[in-house]
Amino acid sequence: MVKTIGIVGAGTMGSGIAPVAARAGFEVILYDVSHDVLKSCMERIKADLRKLTEGGRLSTTAATEVLSAIHPRKNFGDLGHADFIIEAAIEDLAAKKEIFRKLDAIVGADAVLASNTSSLSITAIASLTRTPESVAGMHFFNPPAVMKLVEVVRGAQTSDRTIDTVCSIALKLRKTPVVCKDVPGFIVNRTARPFYGEALKVLGEGIGSVEQIDRITREEGGFRMGPFELMDLIGIDVNLAVTQSVYEQFFHEPRFRPHPIQRMMVEAGTLGRKSGKGFYTYK
Amino acid sequence: MKRVCIFGESPLLEEYALQCLARGLDVQVRPNTDSGRGNSISLPRKAKKVQRPSRSSDLALELTNTSLEIKRRNLEELDRVLPPQGTILSSSVTTTVAEQGSWIRRPERLVGIGAFPSFLEGSLIELASSRITDAKSLQAAAEFVTVLGKESTVVGDSAGMVLPRIVCMIVNEAYFAMTEGVAPARDIDTAMRLGTNYPHGPVEWGDRIGAGHVRAVLDALYRHYGEDRYRIAPLLLRTCHEGSV
């Protein structure tokens, strides 16, 4: 029985997952190398909980309980007390491999190690541990408090027992787990590629304008957001990085080829909403 | 605008006939006869089935996506029989308006429309014109869309137009993922519904549209661009042959 969940990395995803786990009744050890990151993460979690209590969606007692269940830690060794780890550190294979190698040395024999990677190979991440069968992907979507989906990724050596454990934790966190094979982009990031890729081709060929293509996908197609609005929200650089990663990992399969428009925008520093200008201008 | 004549295949023929009738138009229809198994057309009773298009039609619609051969025969016939000022609005998701114009004697009256199964559920319709299409015909096409109670937007003349191209490529990618055993259809749909802002799961969306129409768009993109990225997923092709199960 999993009682304590360790989370590696207190960035956007880690700080989003921690309260979700705490609200589901788990003790949470939230690790980050940086004291400042941990501090601002806890501030953010407090502010979010305050919003919930003020809106009457959470009692003050419950909020206090959630907060007291999250233990921010700067000492990596403290993660050894967890029986289930969710790694949500930087999206870099070398960095993740190093984290898993270190985790392997400190956690108990029965612990499950899950990575929240959105685009790296679970099989590669697991390769440096002594027990690759207990490593799986557990891909949350942003923001974790809102998004229902968790992709549970089966690496080449992941055991059925590990997959079952990850799925049951996801269910306890009130998420919908979907099991998939360890392929680049898993299900969502892969199947969503053409939404951006074809829209960029259509734009690049002058078949439609940014506004027109967005309007068509919304008003004719029923998408909540058009591809360009969405790329601006995600960040042009982040979207290009995901596309590039999927493209490289599929050995340059032409369906996933990035578009020069994306690279030009990254070069120009027009990265979307966060930089005030992307496909649209924001004030 | 009072009378429209619609040639074409299921389910576009029924979808457009129903919309036209609902807007009080007089509707003549002629379903394609040799479009294989898709012959289970159930036309609205008020649509008048005809053998030949009436010369008094204000507008003719050609709604065939899955066979260029039949589409060409239909367009040639409409072009021959309709009076010179009559506009022909033709679904242009599986070929360009330019190519269709090369088949007929009066290409200036030809306008493309993004007619695709289930897309009438939206409030916007894509139109396209070739460089030969005249302004009067494009205006008549826009007027027809207004009569249907929808808005129109004119996009460049290109196979797949905008939405059919994007949606069919998403459906195709889901089929590639299934082919590779990434996850079964139901799980792919669940993941996409919960993980994205799409209105339908891609496999379910492909079923709504019909595998034959999805395939026709992919084949058209492949033919017009000659790019490997537009090749159809083998499992989707098999689904076309077997029918949806």
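How much area is buried between chain A and chain B, and what part of that area do carbon and sulfur atoms give? In this predicted model, the area buried between the two chains is about 4,100 Å², and carbon and sulfur atoms give 60% of it. In chain A, the residues that lose the most area to chain B are A:Glu198, A:Glu220 and A:Arg255, which together account for 18% of what that side buries. Counted by residues, the contact involves 44 residues of chain A and 47 residues of chain B.

On the side of chain A that touches chain B, the elements giving two or more residues are strand E8 (176–181), helix H7 (188–191), helix H8 (193–204) and helix H9 of chain A. The residues of that side divide into 24 nonpolar, 7 polar and 13 charged.

Within chain A, 8 strands form an open sheet of mixed pairing, in the order E3-E2-E1-E4-E5-E6-E7-E8. Strand E3 (70–73) and strand E8 of chain A stand at the edges and have a single partner strand each, so one side of each is left without a neighbour in the sheet. From one strand to the next, the twist averages 25°. Strands of a sheet pair through backbone hydrogen bonds, in either a parallel or an antiparallel sense. In chain A, strand E1 (residues 4–8) and strand E4 (residues 84–87) pair in the parallel sense over 4 bridges, and A:Ile7 stands opposite A:Ile86 in E4(A). Helix H6 (residues 160–172) of chain A lies across E1, E4, E5, E6, E7 and E8 of chain A, and runs at about 25° to E6(A). A helix of the partner chain packs on this sheet as well: helix H6 (residues 185–195) of chain B touches E7 and E8 of chain A, its direction making about 125° with that of E8(A).

Chain B also holds an open sheet, in which 8 strands follow the order E3-E2-E1-E4-E5-E6-E7-E8 with mixed pairing. Its edges are formed by strand E3 (48–49) and strand E8 (151–155) of chain B, each with a single partner strand, so that one side of each is left without a neighbour in the sheet. Strand E4 (residues 59–63) and strand E5 (residues 87–91) of chain B run parallel and are joined by 4 bridges, with B:Leu59 standing opposite B:Thr87 in E5(B). Helix H9 (residues 210–220) of chain A packs on the sheet of chain B, where it touches strands E7 (124–128) and E8, and its direction makes about 140° with that of E8(B). Helix H1 (residues 12–22) of chain B lies across E1, E2, E4, E6 and E7 of chain B, running at about 170° to E1(B).

Some backbone features deserve a separate description. Most residues other than glycine have a negative phi, and most peptide bonds are trans. A cis peptide bond, with omega of about -5°, joins A:Asn142 and A:Pro143, and A:Pro143 lies in the loop between E6 and E7 of chain A. The peptide bond from B:Ser10 to B:Pro11 is cis, with omega near -5°, and B:Pro11 is placed in the loop between E1 and H1 of chain B. A:Arg174, although not a glycine, has a positive phi of about 60°, and is found in the loop between H6 and E8 of chain A.

How values were computed: Residues numbered from 1 in each chain as written. Chains lettered and ligands numbered in written order. Predicted model: local features only at pLDDT ≥ 70, side-chain atom pairs only at ≥ 80, totals over all residues. Heavy atoms only, no water. Pairing = 2+ DSSP bridges. Contact = heavy atoms within 4.5 Å. Axes fitted to C-alpha atoms, helices over the stretch in contact; angles between N-to-C directions. Buried area = accessible area lost by both parts, 1.4 Å probe. Nonpolar A, V, L, I, M, F, W, Y, C, P; charged D, E, K, R; others polar.
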